[in-house]
Amino acid sequence: MKAIANFGASLAVGAILAFGGDIASAIAPISPLVQDAPSAIRIARAMVLAMHPDPRNYSEEEWERHCGATLSRGVWHIYEKKHVSGQGYFTGAAVISIGAQDGRFLGELFAD
C-alpha cells in the first residue's frame, strides 16, 4: 500500500515537471484571499446587503468607519463599533464571520 502511495506522489511530481511547473510552486501554501481588515469589511458588507437589503445603502467608507475586523485562526470576524460617550468604542451586537482563505460566509450572530 505504501508503494502505491509513493508511486502516486512520484507520478504527480512527474506531471508537474513535465508541464513546466516547479515543485516549490506546486506545494507552496496558497496565500489567503482576504488579507486585511478593509477587505474583510467590504466582503461582509456585500454579504449583509445581499441577505438583508437596507434602503439607506451606506457607502463602503461608512461601513469601514463604523465596523472593525479581527482575524482569529483563519476566520475574519467583522463587527459593528458602537460609540459610548467618554468610553471610546466597543463591539456591537452583530458579528459576521468569513473565511480568510477563500472569503466564504461562515455565519452571522446578532445579539441584543
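Of the 112 residues of the protein chain, 21% count as buried. The model is predicted. Follow the elements from the N terminus and the order reads α-α-α-α-β-β-β-β. Now consider contacts between residues at least 6 apart in sequence: 36% of them join residues at least 24 apart.

**Stop 1: the largest pocket**

Show the surface and go to the largest pocket, with a volume of about 430 Å³. Its lining has 17 residues; select V48, Y58, W63, C67 and E80, the closest to its centre. Next, colour the elements that give two or more residues to this lining: α3 (37–51), α4 (60–66), β2 (75–84) and β3 (88–99). Which element gives the most to the lining? Select β2, which gives four residues. Then colour the lining by class: 10 residues are nonpolar, two are polar and five are charged.

**Stop 2: R45**

Select R45, in helix α3. Is R45 buried or exposed? R45 is buried, yet it has no salt bridge. The nearest side chain of opposite charge belongs to E60, 4.2 Å away. Now show what R45 touches beyond four places in sequence: N57, Y58, S59, E60 and W63. Two of these names return from the pocket stop: Y58 and W63 are among the residues closest to the centre of the largest pocket.

**Stop 3: the salt bridges**

Side chains of opposite charge can pair when their charged atoms come close. How many salt bridges does a search of the whole structure find? It finds two.

Select R42 and E64 for one of them: their side chains meet at 2.7 Å, N to O. R42 lies in helix α3 and E64 in helix α4, so this pair ties together parts that are 22 residues apart in sequence. R42 counts as partly exposed, at 34% relative accessibility. E64 also counts as partly exposed, at 29%.

Move on to R104 and D102. Their side chains meet in a salt bridge at 3.0 Å, N to O. D102 is partly exposed, with a relative accessible area of 40%.

**Stop 4: R73**

Go to the loop between β1 (67–72) and β2, and select R73. Check its backbone: phi is positive, about 55°, although R73 is not a glycine. How exposed is R73? Its relative accessible area is 84%, so R73 counts as exposed; the cut-off for that class is over 50%.

**Stop 5: L106**

Finish in strand β4 (residues 105–110), where L106 is placed. L106 counts as partly exposed, at 39% relative accessibility. Show its contacts, leaving aside neighbours within four places in sequence: V75, S97, I98 and G99. Here V75 belongs to the β2 range (75–84), while S97, I98 and G99 belong to the β3 range (88–99). Last, draw a distance between the C-alpha atoms of L106 and W76. The two residues are 30 apart along the chain, and the atoms are separated by 9.4 Å.

Notes:
Residues are numbered from 1 along each chain as its sequence is written. This is a predicted model: local features need pLDDT of at least 70, side-chain atom pairs count only at pLDDT 80 or more; totals for chains, interfaces and linings use all residues. Side-chain values use heavy atoms; hydrogens and water are left out. On a 1 Å grid over the protein atoms alone, a cavity is a set of points where a 1.4 Å probe fits but cannot get out, and a pocket is an open set with protein on both sides within 12 Å along at least five of seven lines; lining residues have an atom within 4 Å of a point. Grid points are joined across faces, edges and corners, and a volume is the space filled by probe spheres set on the points. Ala, Val, Leu, Ile, Met, Phe, Trp, Tyr, Cys and Pro count as nonpolar, Asp, Glu, Lys and Arg as charged, and the others, Gly among them, as polar. Buried means under 20% relative accessible area, exposed over 50%, partly exposed in between (1.4 Å probe, protein chains only). Lys and Arg count as positive and Asp and Glu as negative; His and the chain ends are not counted. A salt bridge is a side-chain nitrogen of Lys or Arg within 4 Å of a carboxyl oxygen of Asp or Glu. Contact means heavy atoms within 4.5 Å.
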